[in-house]
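Please take me through this structure feature by feature, giving the general idea before the particular case.

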Amino acid sequence: MENKIDLEQMYRLPWTNEDNPNGWIEVTTFCQLKCPGCYRGLAEEDPERLHEDLEKMKSEIDFLIENRNIQTLSIAGGEPLLYPKLKEIVEYAVSKKLKVKIFTNGVLLTENKLIEFKDIGVTEFVVHVDKYQNRPDMKNDDDPNKLRLKFCEKFRKVGGINLGFILPVSGDDYSDLLDAINLCKKNTDVVNLLVLSPYKDILLNEDKTFDKSKLKNPNIPKLSSFLSKEFKSKPCAFLGKIHSKDQPSWIFMVPVFYKDKVVGYLDSFLYRKFQERYKKKKGKYTILIKGNNINAKSLLPFAFKKNVSELLLNYRKARKEDPGNEESLKYQVILIIDGPDKVDGKWNLCDGCPDAMLHNGKLVPSCLLERVKAGEEILVK
């Protein structure tokens with residue numbers, strides 16, 4: 001596949017600022033780690049440390065429900081598991097019938113903690129593990145995949161709660177990424193999501209704790225092509241950018257597996273059908289559901305589509321090669337989030353930004369919050 005993203009063959013997601021499946025809150029700026037490129041500037045010297053007021057967080061959730069029509073609440077930080085009232089936040093969101101996703105470094109995510117949050121209704125944890133974090137639970141010469149595998153085993157043992165991984169991508173060296181991809185393929189029973197966050201130099205202050213020359217902005221078409229090859233899939237959906245509609249910001253790819261074998265993928269037709277069906281049934285779009293099973297019978301009405309018929313045929317062949325195994329089809333969401341850059345001196349934000357958050361009563365892009373705090377007027381309109 002050539003290094004080109006063909007947007008004409010992809011579903012342009014109809015998410016807007018007023019009708020968006022994702023709500024974003026940040027409950028704390030406390031964190032144990034200093035990750036290079038941290039959007040919250042927590043790798044800088046003496047960053048501000050603050051636990052947000054519980055009632056303030058509840059009011060932000062209410063605002064996002066009423067003004068954004070959200071389906072999922074994403075809870076971030078800092079490190080959310082350090083927030084003393086995280087349980088109350090989750091319980092409040094669940095009482096509002098929201099799915100709940102927690103972004104964490106996983107240092108404090110013990111088996112008992114995982115069970116506790118599963119029981120109160122958390123749908124998914126997205127765990128950030130990479131080799132530059134200087135983690136207390138990983139030696140400097142350790143393979144990050146060893147730790148990711150431990151999370152897979154933990155989630156497998158507990159069951160019934162989604163696991164995703166998020167990791168930065170720098171330049172054109174995909175060696176670490178390839179290891180993470182192979183781990184995801186081998187653990188399709190527990191891994192629902194892989195988020196790739198291309199490195200962006202958007203912080204106000206330089207991180208002097210890390211050699212920035214190690215981090216470079218990657219080529220997004222090349223990264224997308226690499227993922228297509230590894231997952232034998234094509235990108236199916238995207239969000240644009242406000243100043244260049246032909247430039248994708250969020251790129252979705254959804255390979256479908258039988259055990260650890262890719263048997264097909266959701267194309268733009270299927271992804272659109274899925275979003276439209278959910279919207280018709282629930283009155284909102286979706287970014288998160290529990291589990292990652294696909295009932296093959298649910299695809300039969302679309303078997304007239306070449307991509308679907310090939311998927312079902314490959315599934316049938318795989319089942320024949322593995323008689324007696326009743327394992328269902330699984331899918332994984334592979335997501336590239338290419339953050340904002342500047343065009344003619346203006347920030348080129350994601351069109352229909354899913355990670356917009358409230359700051360002083362206004363919606364702002366969470367990735368540029370430090371610039372907003374410093375006085376830049378950057379609004380999600």
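Q: Which residues are linked in a network of salt bridges?
A: Side chains of opposite charge can pair when their charged atoms come close. A salt bridge here is a side-chain nitrogen of Lys or Arg within 4 Å of a carboxyl oxygen of Asp or Glu. E26, R40, E370 and K373 are linked in such a network. The model is a predicted one, in which local features need pLDDT of at least 70 and side-chain atom pairs count only at pLDDT 80 or more, while totals for chains, interfaces and linings use all residues. Residues are numbered from 1 along each chain as its sequence is written, and side-chain values use heavy atoms, with hydrogens and water left out.

Q: What is the N to O distance between R40 and E370, and where in the chain do the two residues lie?
A: R40 and E370 meet through their side chains in a salt bridge of 3.3 Å, N to O. The pair links distant parts of the chain, 330 residues apart: R40 is in the loop between β2 (22–26) and α1 (54–68), and E370 is in helix α9 (residues 369–373). Helices (H or I, at least four residues) and strands (E, at least two) are DSSP runs, numbered from the N terminus.

Q: Is R40 buried or exposed?
A: The terms rest on relative accessible area: buried means under 20%, exposed over 50%, and partly exposed in between (1.4 Å probe, protein chains only). R40 has a value of 6%, so this residue is buried. E370, at 22%, is partly exposed.

Q: How many salt bridges does the structure hold, and which residue pairs with K131?
A: The structure holds 19 salt bridges. K131 forms one with D176, and their closest N and O atoms are 2.8 Å apart. This pair also links distant parts of the chain, with K131 in the loop between β5 (124–128) and α4 (144–158) and D176 in helix α5, 45 residues apart. K131 is partly exposed at 40% relative accessibility, and D176 is partly exposed at 32%.

Q: Which residue forms a salt bridge with D189?
A: The partner of D189 is R156, with 2.7 Å between the closest N and O atoms. D189 lies in the loop between α5 and β7 and R156 in helix α4, so the pair links parts of the chain that are distant, 33 residues apart.
A: Two strands pair if DSSP finds at least two bridges between them. Here 10 strands form an open sheet in the order β1-β8-β9-β14-β7-β6-β5-β4-β3-β2, with mixed pairing. The edge strands, each pairing on one side only, are β1 (11–12) and β2. Elsewhere in the sheet, strand β3 (residues 72–76) and strand β4 (residues 99–104) pair in the parallel sense over four bridges, and T72 has K99 in β4 as its bridge partner.

Q: Why is strand β7 described as largely enclosed?
A: Seven of the eight residues of β7 (residues 191–198) are buried, so the rest of the structure largely encloses this strand. Strand β6 (residues 162–169) runs parallel to β7 and is joined to it by seven bridges, with V169 opposite P198 in β7. β7 also pairs with strand β14 (residues 333–337) in the parallel sense, over four bridges; there, L193 has V333 in β14 as its bridge partner.

Q: Which elements make a right-handed β-α-β unit?
A: A crossover is right-handed if, with the strands pointing away from the viewer, the path from the first strand over the helix to the second runs clockwise. β6, helix α5 (residues 175–186) and β7 make such a unit.

Q: Which residues does K346 touch?
A: Contact means heavy atoms within 4.5 Å. Not counting residues up to four places away in sequence, K346 touches H243 and D341. K346 lies in strand β16 (residues 346–348) and is exposed, with a relative accessible area of 53%. K346 and H243 are 103 residues apart in sequence and 8.5 Å apart in space, C-alpha to C-alpha.

Q: How many residues line the second largest pocket?
A: Rolling a probe the size of a water molecule over the atoms shows where empty space is left. On a 1 Å grid over the protein atoms alone, a pocket is an open set of points where a 1.4 Å probe fits, with protein on both sides within 12 Å along at least five of seven lines; lining residues have an atom within 4 Å of a point. The second largest pocket is lined by 20 residues, of which D6, Q9, K234, P235 and Y265 lie nearest its centre. The elements that give two or more residues to this lining are α6 (220–231), α7 (268–282) and α8 (306–320). The largest share, three residues, comes from α6.
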